[in-house]
Amino acid sequence: MRVYKNARKVFLEIVCLLYVFLLVYAAMNKGLDFENFKVELGQSPLLSAFAGWISWAVLIIEFLIAILLLFPSTRIKALYAGFCLMSMFTAYIFIMLNYSSFLPCSCGGILEKMSWQEHLIFNLVFVVMAGLALWLNHSQSRSGRKVKRLVSYPVRLVLTFFLSCIAVIILFLSSEEIIHHQNPFIRRYPHHPITLTHTLDLKYNSYYFAGAGDGKLYLGNYTVPMYLLSINDKLQQQKIRATFNRDSFSFKSIRMIVRPPFFYIIDGIVPAVFSGCITDWEAKLQEPKPPYFTTAVPVDSNTIAFRGISNSSGNNILGVFKTGTQSTTLMAPKLLQKQIDGIFDTDGMLHYSEEMKRIIYLYSYRNEYIVADKNGLLDYRGNTIDTISRAQIKVAHLKEKKEQTMATPALTVNSNSSVCGHLLFINSNVPGRFESKKVWKKASIIDVYDLNQKSYLFSFPIYGIGNKKLQNFLVTSTHLYVLIDNKLVVYQLNNKLKNEMKRVAEKKSDTHNDILGQVSGIRSNTCRKK
């Protein structure tokens with residue numbers, strides 16, 4: 001009997017010492033590189049929103065439990081606390097493995113070389129050891145009521161385990177809601193949403209993205225504005241010369257846009273819109289003449305969404321222009337909201353989503369984007385995850401206040417953007433919380449938003465070449481294309497991004513798909529007739 005009691009005591013001592021070693025090592029590892037630990041916790045798919053206080057709480061609790069385990073008077077209570085803590089860690093890893101959108105590389109420290117599955121088993125072993133030690137100690141100290149206690153105490157331990165797990169689940173669900181819809185400027189970086197496949201030397205840095213479709217990428221060139229460079233999925237290049245139905249035309253600022261089966265030649269200063277089919281690359285001037293515009297995107301073969309200058313206020317304004325016999329111009333004066341001057345503060349990027357049939361406008365100097373229908377009617381205003389809600393610019397007036405210019409360099413919040421389906425990709429210029437400064441020096445950060453769910457999804461870096469960083473980018477359903485100086489960098493979209501793109505597409509009804517097919521057929525027939 002005495003041997004049995006001594007064995008239980010020795011087992012308790014061993015478990016306590018193992019816990020002391022584990023907790024001290026883990027706490028020291030976190031404390032010596034606390035900023036990195038906080039960054040890693042901030043990138044966690046589960047607890048991002050609470051990384052600030054949880055990082056301190058875990059460090060303090062681990063040290064405190066380790067210290068209390070050393071004293072006989074507090075050892076049992078400390079081991080019980082350690083049992084709860086390891087139960088929570090176990091629940092955390094289980095949720096990561098089964099319900100997380102991605103897995104971080106590792107937990108670091110003593111478990112750095114373990115896989116997440118091995119880490120789960122490791123934690124379970126420590127949970128079982130602590131539970132068994134507590135049970136044996138309890139049965140020894142309550143031998144007078146052994147039968148009753150031996151039945152109730154294991155149940156109590158099991159309930160404690162599940163309550164600890166429930167606490168982690170509540171934190172997880174709360175964090176998910178905060179990150180996706182009330183983000184406190186914390187980015188998530190899943191591993192490898194894209195894979196670098198090719199880097200192509202274009203020899204010139206004057207190219208821009210004209211569009212993509214039918215397995216081809218189209219690049220325009222500012223120095224030779226009537227030429228396009230077509231690049232297929234095998235990186236085979238073809239030079240294309242577009243023509244138009246005029247012997248001569250006085251262009252001021254040409255930009256070409258390709259949306260198969262159509263292509264467009266636009267100039268907002270003239271102003272003029274030419275359109276044609278990619279089968280012959282012959283464009284026809286659209287009548288009547290559109291309003292003056294500073295940027296525009298095609299909606300369909302005879303409609304463009306544009307940003308121009310209001311005749312009444314002199315501020316930026318969004319509108320929709322339809323050509324043909326039933327031409328019309330629909331202005332949307334309330335979409336762009338003035339904060340300072342109405343010009344610089346409302347500057348931004350204009351997109352059109354064919355999948356959503358929606359116009360998207362992203363402000364350059366504030367954390368806001370606009371989603372509107374094809375007629376310019378507002379759907380909603382969304383916010384990016386950064387905290388700059390007011391444009392940080394200063395405007396100077398020249399020539400008796402008839403001209404305006406930037407008085408000081410402005411803080412650009414959103415540098416570039418692209419829309420593919422229901423996803424909005426933004427090249428952000430503002431670092432978030434728990435982010436590495438080294439990465440920001442070398443890379444451009446792309447944030448991904450779900451326009452249907454009005455939520456932030458995740459982010460990923462695009463690394464520069466030498467001392468050159470991203471100039472612009474374009475996202476298709478299969479690839480991400482990046483222009484860096486005179487290089488075209490091609491990335492393949494991995495499952496993380498492809499699944500996000502398919503998620504909404506799979507919900508479409510067969511009827512809707514039939515309608516889209518009929519529309520595509522009509523468009524193709526229209527091109528053939530032309």
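Two strands are said to pair if DSSP finds at least two bridges between them. Helices (H or I, at least four residues) and strands (E, at least two) are DSSP runs, numbered from the N terminus. What you see is a predicted model, in which local features need pLDDT of at least 70 and side-chain atom pairs count only at pLDDT 80 or more, while totals for chains, interfaces and linings use all residues. Residues are numbered from 1 along each chain as its sequence is written, and side-chain values use heavy atoms, with hydrogens and water left out.

I begin with the sheet. β11 and strand β12, residues 303-309, pair in the antiparallel sense over five bridges. Within this pair, V297 stands opposite A305 in β12. The two strands belong to an open sheet of four, in the order β11-β12-β13-β14, with antiparallel pairing. β11 (295-300) and β14 (328-332) are the edge strands; each has a single partner strand, so one side of each has no neighbour in the sheet.

I turn now to the nonpolar cores. By this term I mean a set of buried Ala, Val, Leu, Ile, Met, Phe, Trp, Tyr and Cys residues joined through side-chain atoms within 4.5 Å. Buried means under 20% relative accessible area, exposed over 50%, and partly exposed in between, with a 1.4 Å probe and protein chains only.

Which residues touch the most other members of the largest core? Of its 34 residues, they are Y19, L23, L69, L79 and F83. At least two residues of this core come from each of α1 (2-32), α3 (51-68), α4 (75-99), α5 (116-141) and α6 (146-181). The largest share, ten residues, is supplied by α4. Leaving aside residues up to four places away in sequence, F83 touches Y19, V127, A130, G131, L134, L157, T160 and F161, where contact means heavy atoms within 4.5 Å. A second, separate core has 21 residues, including I194, L457, I462 and I484.

Next, the annotation. An unreviewed UniProt entry places the feature "transmembrane region" at residues 50-71, 78-99, 119-136 and 157-175. Such annotations may be inferred rather than shown by experiment. In the model, residues 78-99 are 100% helix and 0% strand, with the end C-alpha atoms 31 Å apart. Residues 157-175 are likewise 100% helix and 0% strand, and their end C-alpha atoms lie 27 Å apart.

Finally, the cysteines. With a disulfide taken as a pair of cysteine sulfur atoms within 2.5 Å, the count comes to zero. C16 is buried, at a relative accessible area of 3%, and C84 is buried at 18%.
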